[in-house]
Amino acid sequence: RICQHPGWPPWGPIDMGAEYIHGSKSKLFRLAKDEKWQLSESIYTFEDLAVFGNQDGHDYVWHRGKLHKMTRESECRELVQALKLLEEINEFPYDSESGTSLVQSGEDVSLAEYLDRRGDVSDGVRDLVQGVICQEMSASLDRCGLRELARWSDLWVLGTDNYRIKGGGFSILIKHFMDRLDGALIKTSWPVARVHYDDSNFVRVLNCRGDELVADAVIIAFPVS
């Protein structure tokens, strides 16, 4: 979930995965303040979903061979339509055929089916929407439900402001917890392939090479769908 590239001047390091602290009411924001980490506020909002940030403070996306600013005033019509769709999906998901709210009617469909039903979504718009959804929800359009997104948006209470950690990005958070794991064995380059539960009091974790670890408990920090 957290991976960092050292980057290239003048950009770097580049967080690939978690990039922002979302909301000033979150536990992570309070941790950053308690530890006196330096934060920079981003203009990133749910209407301007970022792919990466530039030095001018705006967010950009690479689409059809060009770099576009993530704004509704963009000259790229597909980007403008994608941003409108994302706002509709996050706030008021409707069935374009019946005009009823999918959430209120009890019906739930995948985002892929929702876009298919509309009939006016080009492949380029679909690619832009999927890029944002995959980054935000760690799921493809056919595995992310419309009701799930609506509920997630409705229950978000941590604030709309967003922050980057200066001087190292999320590697500072990793170091913070690693420093507190006194005597712990930390394995890297050990990609997990399977987690087995049985009737015993232990959990078995296997990597891609078939190596096994036995643990009292496992914390899974990504969607299991």
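Modeller: Let us begin with E87, whose relative accessible area is 23%. Please bear in mind that the model is a predicted one.

Biologist: Why is E87 called partly exposed?

Modeller: Buried requires a value under 20%, and exposed one over 50%. E87 has 23%, and therefore counts as partly exposed. R72 has a relative accessible area of 37%, so this residue is partly exposed too.

Biologist: What makes E87 and R72 a salt bridge?

Modeller: The cut-off is 4 Å between a side-chain nitrogen of Lys or Arg and a carboxyl oxygen of Asp or Glu. The N to O distance for E87 and R72 is 1.7 Å, so the pair qualifies. E87 lies in helix α2, whereas R72 lies in the loop between β7 (66–69) and α2, so the pair ties together parts 15 residues apart in sequence.

Biologist: How many salt bridges does the structure hold?

Modeller: The structure holds 9 salt bridges. Among them is K175 with D179, at 2.9 Å from N to O. Another is R204 with E212, whose closest N and O atoms are 2.6 Å apart. R204, at 30% relative accessibility, is partly exposed, and E212, at 40%, is partly exposed as well.

Biologist: Why is the aromatic pair of F29 and Y163 called tilted?

Modeller: Ring centres must lie within 6.5 Å to pair, and the centres of F29 and Y163 are 5.0 Å apart, so they form a pair. Planes under 30 degrees apart would be stacked and those over 60 edge-to-face; the angle here is 45°, and the pair is therefore tilted. The structure holds 1 aromatic pair.

Biologist: Which elements does that pair tie together?

Modeller: F29 lies in helix α1 (residues 27–34) and Y163 in strand β8 (residues 162–165), so parts 134 residues apart in sequence are tied together.

Biologist: How do you know whether F29 and Y163 are buried or exposed?

Modeller: F29 has a relative accessible area of 12%, under the 20% limit, so F29 is buried. Y163 stands at 11% and is therefore buried by that limit. Across the protein chain of 225 residues, 33% count as buried.

Biologist: Which residues touch the most other members of the largest nonpolar core?

Modeller: L111, V129 and I133 do, in a core of 26 residues. The elements giving two or more residues to this core are α2 (77–91), α4 (111–118), α5 (123–137) and α6 (146–155). Beyond its neighbours within four places in sequence, V129 is in contact with A82, L85, L86, I89, L115 and L141. Another core, of 11 residues, lies apart from it, and includes A18, F29, A32 and I165.

Biologist: What makes the nonpolar surface patch?

Modeller: I2, I174, M178, L181 and I186 make it, with an area of about 400 Å². A patch residue needs over 30% relative accessible area; I2 has 34%, so I2 passes that cut-off. I2 is found in strand β1 (residues 2–5).

Notes: Residues numbered from 1 in each chain as written. Predicted model: local features only at pLDDT ≥ 70, side-chain atom pairs only at ≥ 80, totals over all residues. Heavy atoms only, no water. Phe/Tyr/Trp six-rings, centres within 6.5 Å; stacked < 30°, edge-to-face > 60°. Helix = DSSP H or I, 4+ residues; strand = E, 2+ residues; numbered from the N terminus. Buried < 20%, exposed > 50% of the residue type's maximum accessible area, 1.4 Å probe, protein only. Core = buried A, V, L, I, M, F, W, Y, C linked by side-chain atoms within 4.5 Å. Contact = heavy atoms within 4.5 Å. Patch = residues over 30% accessible without salt bridge, like charges linked within 9 Å, V, L, I, M, F, W, Y side chains within 5 Å. Areas by Shrake-Rupley, 256 points an atom, 1.4 Å probe, with all protein chains shown as cover.
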